[in-house]
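Here are some notes for a colleague who is coming to this entry for the first time. Please read them with the sequence and the structure open beside you.

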Amino acid sequence: MYRSHTCGELNISNIGSEVTLSGWVQRIRNLGGMTFVDLRDRYGITQLVFNMDANADLCLRARELGREYVVSVRGKVCERSNKNPKMPTGEIEIEVERLDLLNTSELPPFTIEDETDGGDELRMKYRYLDLRRGALQKNLYLRHRMASEVRFYLNSMDFMEVETPFLIKSTPEGARDYVVPSRLNPGEFYALPQSPQMFKQLLMISGYDKYYQIVKCFRDEDLRADRQPEFTQVDCEMSFVEQEDLLKTFEGLTKHLFMKLKGHEFSGPFPCTPYRQAIDSYGTDKPDIRFGMKIREITPAVKGEGFAIFDNAEYIGGICVRQGASFTRKETDQLTSFVKKPQIGAKGLVYVKFKEDGSVSSSVDKFFGEEKLKSLMDQFNAGTGDMLLILAGERRKTLKALGELRLEVAGRLGLRKDGEFAPLWVVDFPLLEWDDETQRYYSMHHPFTSPKDEDIPLLDTDPGNVRANAYDLVINGVEIGGGSVRIHNSQLQQKMFEILGFTPRQAREQFGFFMDALRYGTPPHGGIAFGFDRWVALFGGSESIRDYIAFPKNNAGRDVMINTPSPISQEQLKELKIKVEK
RNA sequence: GGUCCGGUAGUUCAGCUGGUUAGAAUGCAUGCCUGUCACGCAUGAGGUCGCGAGUUCGAAUCUCGUCCGGACCGCCA
């Protein structure tokens with residue numbers, strides 16, 4: 001028998017018991033006459049004690065152990081004379097009677113501690129060692145518990161989990177596909193799913209009216225700290241529902257997870273804001289509403305007053321920073337260089353400070369009198385001590401820059417608090433987006449998203465202004481999930497493909513099976529997909545999803561542990577009838 | 001496709017405007033130590049300064065290229 005208990009469960013109540021423990025050697029403290037060994041498994045750490053007086057031979061053997069050796073010990077649980085209140089097992093130790101060395105270990109390249117000395121690069125290469133660390137084990141356990149609670153909740157609501165294929169068909173819409181060559185069909189390729197979208201809709205057509213799946217999805221796009229080439233979605237779909245039903249159901253799931261994993265209860269329904277309003281007030285479709293500082297447009301108020309930068313701008317807007325008048329010149333300069341960074345792209349920053357003594361100071365005093373600036377103050381409901389930050393330029397870009405500035409300032413002021421969660425439904429997304437480069441419309445969500453009934457007439461006259469029955473769940477400025485009510489009418493679906501620039505023939509080739517299916521009694525349906533990795537990271541308190549994935553890829557899509565992607569042999573290529581260009 | 005940051009001992013880092021033998025901490029090894037828990041003390045080993053070229057009397061340091069890692073913009077229905 002390797003173990004009777006784990007290294008995390010013994011305490012004062014077990015005193016006197018004979019136990020067997022197995023695990024890894026965390027650390028050895030050799031005091032000469034006696035030696036302490038910390039034994040670790042994923043449940044905790046238990047101190048082993050060896051004494052020269054009691055058993056010199058055993059004690060000498062214990063001193064020979066090294067870090068990460070695997071051992072099994074038998075001994076008696078004893079009360080410590082010096083207790084350690086910092087650890088759960090700190091009141092006891094094991095007086096070892098028998099020590100079995102199960103395996104030795106090379107010296108690890110970094111320390112297996114919560115506060116490791118290893119850098120990212122090294123830890124990724126030795127991921128299996130990194131995963132031994134408590135911090136990572138905690139993250140993966142959180143992930144496991146969240147997945148369990150998702151299943152528990154959805155199962156209890158009569159959802160059923162159905163698997164869908166990974167080897168599917170490449171489609172021209174959306175992200176780039178990962179592609180898999182077919183040996184049995186030379187020159188032809190499968191694609192890995194970007195999401196099981198059509199399959200879950202087909203399941204609705206098949207009558208599985210409440211479906212979910214915790215499933216891998218694949219997108220061949222450039223990566224970020226919160227984007228992996230393969231990622232996990234909680235993919236859901238329901239039949240006989242309207243948007244309200246969907247939001248209510250998945251708000252329920254969200255609240256359940258918050259309750260079970262964060263002990264956090266929300267009073268009342270999540271707030272809901274139309275896309276248009278999110279853009280106007282926050283400069284983004286995924287606003288962080290843990291704090292206010294909403295963007296306001298002031299174009300009419302300040303345009304045409306002789307300040308060329310404003311007079312030539314399509315849009316002028318700003319945010320009000322409470323108590324911002326105390327910002328130093330250095331700080332406002334830093335904010336100016338922040339907005340001028342190429343990623344933000346603003347030309348400059350105008351500030352107006354309303355000082356405690358009632359005076360106003362601004363970077364545009366030359367152009368605007370004190371009275372004019374004070375009337376601006378009223379537009380923002382600003383008081384003494386506050387500061388306005390104003391940007392001007394092209395409407396879309398300026399709003400986006402203001403959104404970034406808002407986050408930057410809030411970050412500096414500590415308004416984006418860690419333990420606080422502010423969920424938000426963003427609804428009424430546009431159905432389509434115009435692309436200048438290819439001169440055509442693209443689906444903002446995907447081509448199966450239904451337009452709002454009242455906007456359907458606009459499909460012919462003003463497609464860019466058609467709103468969709470589409471929604472995102474945003475928490476603390478992170479897009480956690482998104483979905484829509486789908487099109488369940490084959491004529492409307494066909495029309496969508498037309499608007500997206502497909503000829504009837506192309507639509508037939510790409511989506512024929514799906515349009516056929518729609519004709520066989522498709523129920524009204526809709527759904528949502530949650531970015532599971534991001535959700536876990538949000539709950540775990542990190543921006544990087546890599547810390548919550550057992551074996552992640554780096555920002556070039558490489559797995560540096562197994563060193564892939566990698567070339568394949570000439571034989572494999574030949575079999576697949578593939579020639580590689582150099 | 002683009003921008004920025006980094007690469008020096010096993011590890012994390014310092015090393016200024018180029019100038020003696022490239023340092024610290026930690027880890028590791030050895031010795032001492034009977035209540036440690038980041039044990040302590042002493043001694044010691046450990047380096048192609050990512051790689052290549054250039055500038056220079058002289059390069060870890062400056063320049064260019066390249067590789068690797070990270071962050072971001074574009075991209076991600």
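**Notes on the predicted model**

1. Y190 is partly exposed, because its relative accessible area is 32%, and everything said here about it and about the other residues rests on a predicted model.

2. An open sheet is formed by 5 strands in the order β12-β13-β16-β14-β15, with antiparallel pairing. The edges are taken by β12 (296–297) and β15 (360–362), each of which has a single partner strand, so one side of each is left without a neighbour in the sheet.

3. Within that sheet, strand β14 (residues 350–354) pairs with β15 in the antiparallel sense over 3 bridges, and K353 stands opposite S361 in β15.

4. RNA strand B is surrounded by 47 residues, of which the closest are D53, D117, S443, H445 and N555. Among the elements that each supply at least two residues of the surface near RNA strand B are β2 (34–41), β3 (44–51) and α2 (120–125), while the largest share, 3 residues, comes from β1.

5. Of the atoms of RNA strand B within 4 Å of the protein, 55% belong to sugar or phosphate, and the rest belong to bases. For the phosphate oxygens, a side-chain N or O atom of K400 lies 2.6 Å from one, a side-chain N or O atom of R546 lies 3.2 Å from one, and A225 places a backbone N or O atom 3.2 Å from one.

Definitions and conventions
Residues are numbered from 1 along each chain as its sequence is written. Chains are lettered from A and ligands numbered from 1 in the order in which they are written. This is a predicted model: local features need pLDDT of at least 70, side-chain atom pairs count only at pLDDT 80 or more; totals for chains, interfaces and linings use all residues. Side-chain values use heavy atoms; hydrogens and water are left out. Buried means under 20% relative accessible area, exposed over 50%, partly exposed in between (1.4 Å probe, protein chains only). Two strands pair if DSSP finds at least two bridges between them. Helices (H or I, at least four residues) and strands (E, at least two) are DSSP runs, numbered from the N terminus. A residue is near a molecule or strand if one of its heavy atoms lies within 4 Å of it. A polar contact is a pair of N or O atoms within 3.5 Å; within protein, one must be able to donate a hydrogen and the other to accept it, and residues adjacent in sequence count only if both atoms are side-chain atoms.
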